Amino acid sequence: GHGDAAMKEYQAGGSPMADVPMHHDINPLAPRMSEPEFDKAKRIFFERCAGCHGVLRKGATGKALTPDITLEKGLEYLKVFIKYGSPGGMPNWGTSGVLSDDEVDLMARYIQQTPPAPPEYGLKEMEASWKVVVPVEKRPTKKMNDLNLENLFSVTLRDDGKIALIDGDSKKIVSVLETGYAVHISRMSASGRYLFVIGRDAKINLIDLWMEKPDTVAEIKVGLEARSVESSKAKGWEDKYAIAGTYWPPQFVIMDGDTLQPRKIVSTRGMVTGTQDYHPEPRVAAIVSSHFNPEFFVNVKETGMVYSVDYRDLENLSIKMIEAAPFLHDGGFESTHRYFMDAANASDKIAVIDTKEGKLEKLVDVGKVPHPGRGANFVDPKFGPVWATGHLGDETISLIGTDPHQHPDNAWKVVRTLKGLGGGSLFLKTHPTSKNLWADTTLNPDEKISQSVAVWDIDNIDKGYELIPVGEWSGVKAGPKRVVQPEYNKAGDEVWFSVWNGADQESAIVVVDDRTRKLKAVIRDPRLITPTGKFNVYNTQHDVY
Ligand code: DHE
């Protein structure tokens, strides 16, 4: 199975649903629990367990934990499993010191209860949370600041619920803005004017970069838990719509691009590809926006479906359900932007989605638990254009041929497998003007590896990687100092890395000169609390990676 420790730890990152009140349905067959015990257990479940076992405990990466299964196993068996973990990938919550013996007992009783269902969240709730801070007619009609917007970076300050806007030229923090809880990603509107930021609590901030001091002009909460937001990019539809996908409820919503007014909500509950079994909570993972057609491509994680959503007519919405493979997580375009390279992380495959024709082109077998972020595009000296992904579950980088016209024999095949620093890789990147491929190993258990990155010379890719000790270069002394997510500046001659420490420790951003691979700058500032994702405006706007 997919029992990689890093993978489990990654998914057990905590959920804002821990705070959502839910009804305790007394199950007479289950061991007794008081109301305070139930609430405490529910909190632990959403902080530690829901990421793998699902909100309704129907199973995802982890096993199903519904009472029909757990009552049969019994209290003692469940306690041992929770305390010691399993070779199949269940963490050892007790012996690792995360849960006390009393808490292990509490959780063993809790998972025999009927799973409490979180509330639904529809138009009424969205509208109640929706705020237009600056109406469209009160906004500037041209750019009112001297910022070089194309080289601005939006930086996730994960545990502070904020983003930092950093000027890529001077490396100075322009401002720090409040966003949602455990803020997750930033995306750009097609014009490069609006920045969308989404938190794990499903709060979206729409930030107008034309203002004298860029700030939030609208906000909304689109659900109880979320990870993805995008903006319409097809010709004639620039900046018109935004879309956000939620983990709970399992649905997505299309909004007006300049106000976030919710327009159309679509549920993703349905049948799993292949088995055609019903899944009650298929979460929405990555969403990409077609540059060709007025369509969003929406990853429906647990059912393994990609919905192509044609946004021309919201009242008569047309959705194509493209069967790929479970569990769809992250991905990005190849260099022509026609094919969406989409990681099915429980199937060890990349699903190649033809966004022009709206169909599955190919399922490509790669390494164990692919995790590309948006991936990396470059021209392999032997095989032509390729797109690359790293893996959480092994040390390899898979290079997939992406040019069916000039290199048909290599198209949609793994043409080369690189050996990287180790497992636990989250992101890799290059740039059209660069000859380097950079990959992190953020979740590797070995500190030397998680604090370093690997870099390959694309023209001599056989020669293997060079290790760059980015964590050490940061000068930050204490802490885990995990190095995460390479991101290029607009010119493609600098690559930025986050040195991600605990919330009460110093973190940093390290800027490396891409041509010399030498240290160029370190951004250290008390406001840089837990920096993780970085999104260069131009590269994000144009899907350059
Ligand atoms: Fe992410 C992208 C989900 C944990 C940093 N993350 C994504 C996307 C999804 C996702 C679905 C794709 C969005 C898109 O393209 O529309 N992430 C999840 C989880 O479910 C998971 C595993 C567990 C959780 O509790 O949230 C998770 N992610 C993390 C982290 O722990 C990371 C490393 C640090 C952080 O900030 O939380 C993290 N995720 C990122 C980043 C991206 C991302 C930086 C965007 C990469 C890019 O280049 O586009």
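Start with the ligand: one of its oxygen atoms sits 3.2 Å from a polar backbone atom of Ile-287. That pair is a polar contact, meaning two N or O atoms within 3.5 Å; within protein, one must be able to donate a hydrogen and the other to accept it, and residues adjacent in sequence count only if both atoms are side-chain atoms. An N or O atom in the side chain of Arg-227 is 2.7 Å from a ligand oxygen, and for the side chain of Arg-187 the distance to a ligand oxygen is 2.8 Å. Strand 5 (185-188), strand 9 (225-231), strand 15 and strand 35 (531-536) each give two or more residues to the shell around the ligand. Helices (H or I, at least four residues) and strands (E, at least two) are DSSP runs, numbered from the N terminus.

Before going further, keep in mind that this is a predicted model, where local features need pLDDT of at least 70, side-chain atom pairs count only at pLDDT 80 or more, and totals for chains, interfaces and linings use all residues. Residues are numbered from 1 along each chain as its sequence is written, and side-chain values use heavy atoms, with hydrogens and water left out.

Back to the ligand. There are 23 residues around it, and His-184, Arg-227, Tyr-247, Arg-374 and Thr-532 come nearest; a residue is near a molecule or strand if one of its heavy atoms lies within 4 Å of it. The shell divides into 10 nonpolar, 7 polar and 6 charged residues. Here Ala, Val, Leu, Ile, Met, Phe, Trp, Tyr, Cys and Pro count as nonpolar, Asp, Glu, Lys and Arg as charged, and the others, Gly among them, as polar.

Glu-281 is buried yet has no salt bridge. Buried means under 20% relative accessible area, exposed over 50%, and partly exposed in between (1.4 Å probe, protein chains only). A salt bridge is a side-chain nitrogen of Lys or Arg within 4 Å of a carboxyl oxygen of Asp or Glu. For Glu-281, the nearest side chain of opposite charge is Arg-283, 5.4 Å away; Lys and Arg count as positive and Asp and Glu as negative, while His and the chain ends are not counted. Leaving aside neighbours within four places in sequence, the contacts of Glu-281 (heavy atoms within 4.5 Å) include Arg-57, Lys-58, Trp-248 and Glu-302.

Pro-249 is in the loop between strand 10 (241-248) and strand 11 (251-256). Another cis peptide bond joins Pro-326 and Phe-327, with omega about -20°, and Phe-327 lies in the loop between strand 18 (318-323) and strand 19 (328-333).

Now for the salt bridges: the count comes to 36. One of them pairs Lys-79 with Asp-105, the closest N and O atoms being 3.5 Å apart. Lys-79 lies in helix 4 (residues 75-84) and Asp-105 in helix 5 (residues 101-110), so this pair ties together parts that are 26 residues apart in sequence. Lys-79 and Asp-105 also belong to a network of salt bridges with Glu-37, Glu-76 and Arg-109. Elsewhere, Asp-514 bridges to Arg-515, with the closest N and O atoms 2.8 Å apart. Asp-514 counts as buried at 1% relative accessibility, whereas Arg-515 is partly exposed at 45%.

His-371 sits in the loop between strand 22 (359-365) and strand 23 (376-380), and is buried, with a relative accessible area of 2%. Its side chain makes a polar contact of 3.2 Å with that of Asp-330. Not counting residues up to four places away in sequence, His-371 touches several others, among them Tyr-10, His-329, Ser-425 and Phe-427.

Asp-239 is not a glycine, but has a positive phi of about 65°; Asp-239 is found in the loop between strand 9 and strand 10 and is buried, with a relative accessible area of 16%. Lys-481 has a positive phi too, near 45°. Lys-481 lies in the loop between helix 8 (470-473) and strand 31 (482-488), buried at a relative accessible area of 11%.
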